[in-house]
Amino acid sequence: MIFVRRMSRLLVCNKEIDLLQSSFLRWRKTNDRGRCNSHVGQRKQLSWSKLQLVSVKTSTWLENRQFKTESIRQGSADSSKRHGTGLCGKQIKSKNTMPKRKSDTKSEQSSKKAEPKAETTDEKPTKKQKVDKNGANEAAIAALNVPETYTTDKKSVEENEANLKIASWNIAGLQAWIKKDGMSYIKKEDPDIFFVMETKVDSESVPSSAKVEGYHTYWLGATSKKGYSGTGLYTKKEPISVKYGIGVEKHDEEGRVITAEYDDFYFVGAYVPNSGRGLTRLEYRQEWDKDFTEYLAKLDETKPVIYCGDLNVAHEEIDLKNPKNNHNKTPGFTDEEREGFSALLNKGFVDSFRHLYPDREYAYSFWTYMGNCRAKNVGWRLDYFVISKRLVPKLCDTGMRTWIKGSDHCPIVLHMAM
């Protein structure tokens, strides 16, 4: 056992260190395991390092006290150079030292100036492209900065100017879209055919404010669930005929497809079902893809088809910002959905955008509201114009109206020379 008492002297490493009666060292007893009992009965641990620190602090305090006393008595500047001796002979400088003479500081500054500087090169390190947590970068954001224009000067392969403009937009609720002044887009774009989807209203509940002068309108709502899905068609020219659905009851009850027949083509607008969170409807989506592909193929046997809408699939990795993170995890980018779209193209149809712009990156039509993804252009290309192969020579241009707000999707437009 090592006994420590409240006294004026403490023996450490065969050296005596003076302690004051008011010292903070108040331990009663320390055993060989380092456990101590204080004077109030509390159990505290006094390790050798702590004991060393206490002795050093105490020694320094005493030396400073002696330094002050002797400085007052002698008035000597030499007393400021005194140092304390710590535990086991360790030398510790006193905190109360005299300031340096001007001559000393000048000599130090001149020695610093004399030291040669490290050589510097004019070459600046190349800056890496900034990427945030959501994967947004400067190139993606720059892709949003396109001129606000509603016309095109591009011609078809046959050197004909465009004379048919078709627009498509997932408006995410007709009532909300009207309140956000979405109707003003129709006047700006002035399309010949305008297809809207996810209206969330049935044909009897369409407000009068949804009417636009100069257009014939056709509405289809879901019968299986009120306020779900729904599609609408604006057309300047009255169609020869209009058909609702594809003739399969389990698909038609959700109000997803409107077909309009014109002189030279069939127009088909569709809101393709989403596979759902957790891919709960993926099996149903595969059934839809198969039945819908057969429906379009039959129409194409009679007249060429122009098919558009929110197809809820990013066909290739270039069609979304973060393909690796979403592959087979997020609806719209599973192997089954992508293969379903490929099967449609193999039936004699063409993705008009990728036909014209096969390598264009950061071209998206949908951005989630979370994480400010639209401003960063972290999005998906879910909206398409798919045309029959025999219409490719009449194709002029297609693109996204990324500057138009009012929904988590933006409008897409097709220019044809019919």
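1. Asp 319, Asp 351, Arg 354 and Arg 381 are linked in a network of salt bridges, a salt bridge being a side-chain nitrogen of Lys or Arg within 4 Å of a carboxyl oxygen of Asp or Glu. Within this group, the side chains of Arg 354 and Asp 319 meet with N and O 2.9 Å apart. Arg 354 belongs to helix α10 (residues 352-356), while Asp 319 sits in the loop between β16 and α8 (323-326), 35 residues apart. Both Arg 354 and Asp 319 are buried, where buried means under 20% relative accessible area, exposed over 50%, and partly exposed in between (1.4 Å probe, protein chains only).

2. A word on the basis of these points: this is a predicted model, in which local features need pLDDT of at least 70 and side-chain atom pairs count only at pLDDT 80 or more, while totals for chains, interfaces and linings use all residues. Residues are numbered from 1 along each chain as its sequence is written, and side-chain values use heavy atoms, with hydrogens and water left out.

3. By the rule given above, the count comes to 15 salt bridges. Lys 236 is partly exposed at 33% relative accessibility, and Asp 190 is partly exposed at 42%.

4. Lys 237 forms a salt bridge with Asp 263, their closest N and O atoms being 3.1 Å apart. Because Lys 237 lies in the loop between β12 and β13 and Asp 263 in the loop between β14 and β15, the pair ties together parts that are 26 residues apart in sequence. Lys 237, at 49% relative accessibility, counts as partly exposed, as does Asp 263 at 48%.

5. An open sheet of 6 strands has the order β13-β14-β15-β16-β18-β17 with mixed pairing; helices (H or I, at least four residues) and strands (E, at least two) are DSSP runs numbered from the N terminus, and two strands pair if DSSP finds at least two bridges between them. The edges are β13 (241-244) and β17 (349-351), each with a single partner strand, so one side of each has no neighbour in the sheet. Strands β16 (residues 305-310) and β18 (residues 383-388) run antiparallel and are joined by 5 bridges, and Ile 306 has Ile 387 in β18 as its bridge partner.

6. Helix α7 (residues 282-302) packs on this sheet, touching β13, β14 (257-261), β15 (266-271), β16, β17 and β18, and its direction makes about 170° with that of β15. Here contact means heavy atoms within 4.5 Å, and axes are lines fitted to C-alpha atoms, for helices over the stretch in contact, with angles from 0 to 180 degrees between N-to-C directions. Helix α9 (residues 335-345) lies across β16, β17 and β18, at about 125° to β17.

7. For "binding site", an unreviewed UniProt entry lists Asn 170, Glu 198, Asp 310, Asn 312, Asp 408 and His 409; UniProt positions are given in the numbering used here, feature names are shortened, and annotations may be inferred rather than shown by experiment. These residues span 240 residues in sequence, yet no two of their C-alpha atoms are more than 13.1 Å apart, so they gather at one spot. Among them, Asn 170 lies in strand β9 (residues 164-170) and is buried at 0% relative accessibility.
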